[in-house]
Amino acid sequence: MSGLNPKQEEARSYTEGPLLILAGAGSGKTRVITHRIAYLIEEKGVSPYHLLAITFTNKAAQEMRERVEQMIDEGQGEIWVSTFHSMCVRILRRFHDRLGGKNNFTIYDTDDQKAVVKEALKVLNLDEKQYPVKGMISAISKAKEEFLSPEELARKNEWNFHDRNVAEVYREYQKRLRSSNSLDFDDLINRTIELFMQHPDVLELYQERFRYIMVDEYQDTNHAQFVLVKMLAEKYRNLCVVGDDDQSIYKFRGANIYNILNFEEEYPDAKVIKLEQNYRSTANILNAANGVIAHNEGRKDKKLWTEREDGEKLRFTCYESDREEAAGLIRTVIDGKHDYSDYAVLYRTNAQSRVIEEGLIRAGIPYQLVGGTNFYARKEIRDMVGYLKAINNPADAQSLSRIINVPRRGIGDTTIAKLREFADAQEMSLYDAIVDVKEIPGLSRAAAKVEAFGELFEEFRRTAETGDLSALYREILEKTGYKLELERENTEEARGRIENLEELGNKITDFEIQHDGATLQDLLEDIALVADTDQEEDEAGRITLMTLHSAKGLEFPIVFMVGMEERLFPSGLSLDSDDPDATEEERRLCYVGITRAEDRLYLSAAKQRMVNGQYIYPAVSRFIDEIPKNLIERDDESFDSFERSVTSAWRPEEMSFHKKTGYIGGESARYFSQKKTDTGSRYSVKPAENRTSGGGFVPDYRVGDRVRHMKFGQGTVTEMEKGGKDYEVTVLFDTVGEKRMFASLAKLRKM
DNA sequence: CGTGGCATAGTTTTT
DNA sequence: CTATGCCACG
């Protein structure tokens, strides 16, 4: 039976009625889901058309799609494998008009939300100090999750002045979204539910279509998502949810752990299957994880086991400082003689990556940083996307006012305010006001400038109608003078921004290749919903750095968990919280971290750590003490501090490190002031604070060479131009024609 | 209207 | 430390 264990096999073939699969870490969950899909199609004769698989991230959806494709012969295109949000977009693109909306709505991301809230606060004359933007966004999100309208929220908060105002912000916010023909992420879910409630025929259409529904990472669903799934599954009741309550780490963003804990109450006829055999970690690692998570209350009863050998004990090292911690882990990596890609460094907060990155750069070890600042969050990218959004949906006042004076064209805040005022008074859109700018009184010099902008904008819209997205993008870059302005700046930063813009151009071209006949709206949807396009492919030969949160679902032979310190991990905020579950969530995060490791797990803490510009002196994390003593070697008890400071400094016999990296140095203080040495690595290693610029990078190919690009395939290099630290390479590709790109970004391989 | 200097705040993250 | 935002000035 295709190599599944009895439990997995049971989960594969139990297809009718509600099913809860409690899948522990490393228990072969994805395997079960994909086998299940194949089983439904090939053994049960269910048409792929009737299947729906919901995941949380696009990455997971992508992965599942690929694995299913490998298993079944045909019809995989008909299966819906999608995230909650993209599923809802697909439905609403078809039926949003039934709710009196338009089907070509724009999706507002967190940044847009922020801008809208700010406007709302201004209109309502509320102080940002008392009503912080972030707080407002999460309050609105929370209200939406509970299906509360602004009016209902106001009624609920009738006796509380402050919260009544929050409801006012919500009302104003929603009003603005409506007039911009836009939906935020929560709206995508809620409007779909609304659609189903108001139009039973539409609901039935989808119920009939999705006769078999699977939801992955069910412990991460929020209430609204729970309701949505319930509605869809109501008719056929073939609902299979997969999750692990011990890996619920997203409560802070609305995940409701009770969705999984109470599944059996919601569906009394539900079958429950526990996958408890772990195929990933050594027994020592697994038992350490079990030992830690046992300190939590209110979990589903289960205990992971493995047939694997005990393996090495876990190791905990307490370093003198965060820098020594970084240096220590680097030494371990170098002494370990494993492939760099076997290692992952996991930390609680993004800020911790910096010290480790600095060490890795100086040691010449290539690394890959997962997460961090989103590509689409960068200013220049947001500006360009702003143009595209405004062109696609001129009603989108947010995008329009973002770009109306970018680059500077003499249309200042006062002018924009007057335009908006006029638009509001005439009950027209901002866009219409721009077109009719001549009718607006009180705009002297600025009127001509607005008019010029309007004409430029019209030009873009005409280009947009041709459907050539790349041409449109290039035209915006050139005709707005955006690129020119950056080129004139001639700074390292500006060059980095140009590279990013170039990269966005590549993405757009790539998107057009992948999706034949795609519209501007399709492109924007992809940008709005697929945030992690930027994630570099897992390239061989790099250490992976990421937060514990991003590590969920992944596995590595050797894992470092750094910063095992009280108030860092568990985080201080969770300890101070009046919600007792907050610390339990941290413990689950620790459990997730430990269970990422296959063979070896190194834990560490620092006695002294730089946080917000000053040193703190933390205590060792409680989680270290929760690991059963017989499974871990701790050095913090056997050494006194003097001894430790001597042994952790650089010593002559550690020259292997220096030889390998080309670094010539002595004590740790100098280690960090030494200039970066070129390791001849073909990877560009970029520090976090300056990820926009290339590192010291020399391509190993030249004009005339044949090269391969990840997406464009093979081609011949026709031109190479050195600009700053990078090379701008022109390649004539066999299939997609000529492309210009930056060497450090394109990752061309010589053939 | 644009910009430089100062004040302020500062988990985790996806859609 | 460092990113961001606001205000005052040219």
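Is lysine 507 buried or exposed? Before answering, I noted that this is a predicted model.

**Entry: a lysine in a helix**
I found that lysine 507 counts as buried, because its relative accessibility is 15% and the cut-off for buried is under 20%. Its place is in helix H24, which covers residues 492-514. I also checked lysine 507 against leucine 548: they are 41 residues apart in sequence, and their C-alpha atoms are 28 Å apart in space.

**Entry: cysteines**
I searched the whole structure for disulfides and found 0. Cysteine 240 is buried, with a relative accessible area of 1%. Then I looked at cysteine 590, whose closest cysteine sulfur belongs to cysteine 318, 16 Å away and again too far for a bond. Cysteine 590 counts as buried too, at 1% relative accessibility.

**Entry: salt bridges**
I wrote down a few of them.

- Arginine 382 and aspartate 111 meet through their side chains at 3.3 Å, N to O. This pair links distant parts of the chain, 271 residues apart, with arginine 382 in helix H17 (residues 379-392) and aspartate 111 in helix H5 (residues 110-123). Arginine 382 is buried at 12%, whereas aspartate 111 is partly exposed at 34%.
- Arginine 588 and glutamate 585 form a salt bridge at 3.2 Å, N to O. They sit 3 residues apart in helix H28 (residues 581-594), so about one helical turn separates them. Both arginine 588 and glutamate 585 are buried.
- Aspartate 625 and arginine 634 form a salt bridge at 2.8 Å, N to O. Aspartate 625 is partly exposed at 43%, while arginine 634 is buried at 15%.

I also noted a network: Lys29, Asp216, Glu217, Asp220 and Lys552 are joined by salt bridges that share partners.

**Entry: surface patches**
Which residues form a negative surface patch? I found Glu42, Glu43, Asp73 and Glu74. Of these, I followed up glutamate 74, which lies in the loop between helix H3 (58-71) and strand E3 (80-83). Glutamate 74 is exposed, with a relative accessible area of 64%.

Methionine 610 is in strand E15, residues 609-611, and counts as partly exposed at 42% relative accessibility.

Key. Residues numbered from 1 in each chain as written. Chains lettered and ligands numbered in written order. Predicted model: local features only at pLDDT ≥ 70, side-chain atom pairs only at ≥ 80, totals over all residues. Heavy atoms only, no water. Patch = residues over 30% accessible without salt bridge, like charges linked within 9 Å, V, L, I, M, F, W, Y side chains within 5 Å. Areas by Shrake-Rupley, 256 points an atom, 1.4 Å probe, with all protein chains shown as cover. Salt bridge = Lys/Arg side-chain N within 4 Å of Asp/Glu carboxyl O. Lys, Arg positive; Asp, Glu negative; His and termini not counted. Charge placed at Lys NZ, Arg CZ, Asp CG, Glu CD. Helix = DSSP H or I, 4+ residues; strand = E, 2+ residues; numbered from the N terminus. Buried < 20%, exposed > 50% of the residue type's maximum accessible area, 1.4 Å probe, protein only. Disulfide = S-S within 2.5 Å.
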